[in-house]
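Hi everyone, thanks for coming.

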Amino acid sequence: MYLPDHFAETRQDVLLSLIEAHRLATIVRQDPDGLVADHIPLIIYQRGDLLSLRGHVARANPLWRLADGKDVLVVFQGPQTYISPGWYPSKAEHGKVVPTWNYAVVHASGRLVAIDDTSWLHGHANELTDANEARFKKAWKVSDAPAAYIEATARAIVGIEITVTRMTGKWKVSQNRSAADRAGVASGLRNVGDTSGMTALVAPSEQTP
């Protein structure tokens, strides 16, 4: 990933917060026939200094059969949106502005293993479900479904775990613009009803290092 210093985000808590807010990951791997990407929701698991990402795939998905410590790239796409040059006060000053795209993204590199274990899958399914249902007043739980149905479903999936060896964050949120232009971007996003969550990231007081 092309990463100018002024767009780099290195704070682990910030990177993990984006992952938790945008769990659907793109897992990229190299297969004998070329590059392959899968889109799978993942959940963070921390034990001491060990950081891993856990998920599951359909048993029919070849990803788990090809795991065995394979190196993979995991991409989490956070807020993203088009930025109009018309929002920059500098447009009226000199006109030397062009459109761009702002976004926040985390790349995690690591080694992928498959976990074909029923008890592990039950624990993972509960954890993933509880994390995603937490925002609902009447949260659904795995135990709400018939036990036999859950058992049958568990046999149709396989767990995956990626031990993270490196994380890289890119927050392209107008850090290369003046404070006035950044304020103009934030105002422009608010005026168009920004639903991406990008507005707060481009406010002048929220600059990343």
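Predicted model: local features only at pLDDT ≥ 70, side-chain atom pairs only at ≥ 80, totals over all residues.

Residues are numbered from 1 along each chain as its sequence is written, and side-chain values use heavy atoms, with hydrogens and water left out.

Let's begin with strand β8, residues 157-172. Strands here are DSSP runs of E with at least two residues, helices are runs of H or I with at least four, and both are numbered from the N terminus. Which strands pair with β8? Pairing means that DSSP finds at least two bridges between two strands. Strand β7 (residues 100-115) runs antiparallel to β8 over 13 bridges, and there Ser109 sits opposite Arg166. Strand β5 (residues 50-58) is also antiparallel to β8, over seven bridges, with Leu53 opposite Ile162. Strand β1 (residues 8-9) pairs with β8 in the antiparallel sense too, over two bridges, and Glu9 faces Gly169.

Is β8 mostly covered or uncovered? Mostly covered: 13 of its 16 residues are buried. Buried means under 20% relative accessible area, exposed over 50%, and partly exposed in between, using a 1.4 Å probe and protein chains only.

Now the core. A nonpolar core is a set of buried Ala, Val, Leu, Ile, Met, Phe, Trp, Tyr and Cys residues joined through side-chain atoms within 4.5 Å. The largest one here has 38 residues, and Leu53 and Met167 are among those touching the most other members. β8 gives the most to this core, with six residues. Leaving out residues up to four places away in sequence, Met167 touches several residues, including Leu15, Leu16 and Val106; contact means heavy atoms within 4.5 Å.

Last stop: helix α5, residues 179-191. Among its buried residues are Asp181, Val185 and Leu189. What covers the buried residues of α5 includes β6 (70-83), α2 (90-94) and α6 (199-202).

Why does Asp181 count as buried? Because its relative accessibility is 3%. The side chains of Asp181 and Arg177 are joined by a polar contact of 2.8 Å. A polar contact is a pair of N or O atoms within 3.5 Å; within protein, one must be able to donate a hydrogen and the other to accept it, and residues adjacent in sequence count only if both atoms are side-chain atoms.

Conventions
Expected span 1.5 Å × (residues − 1).
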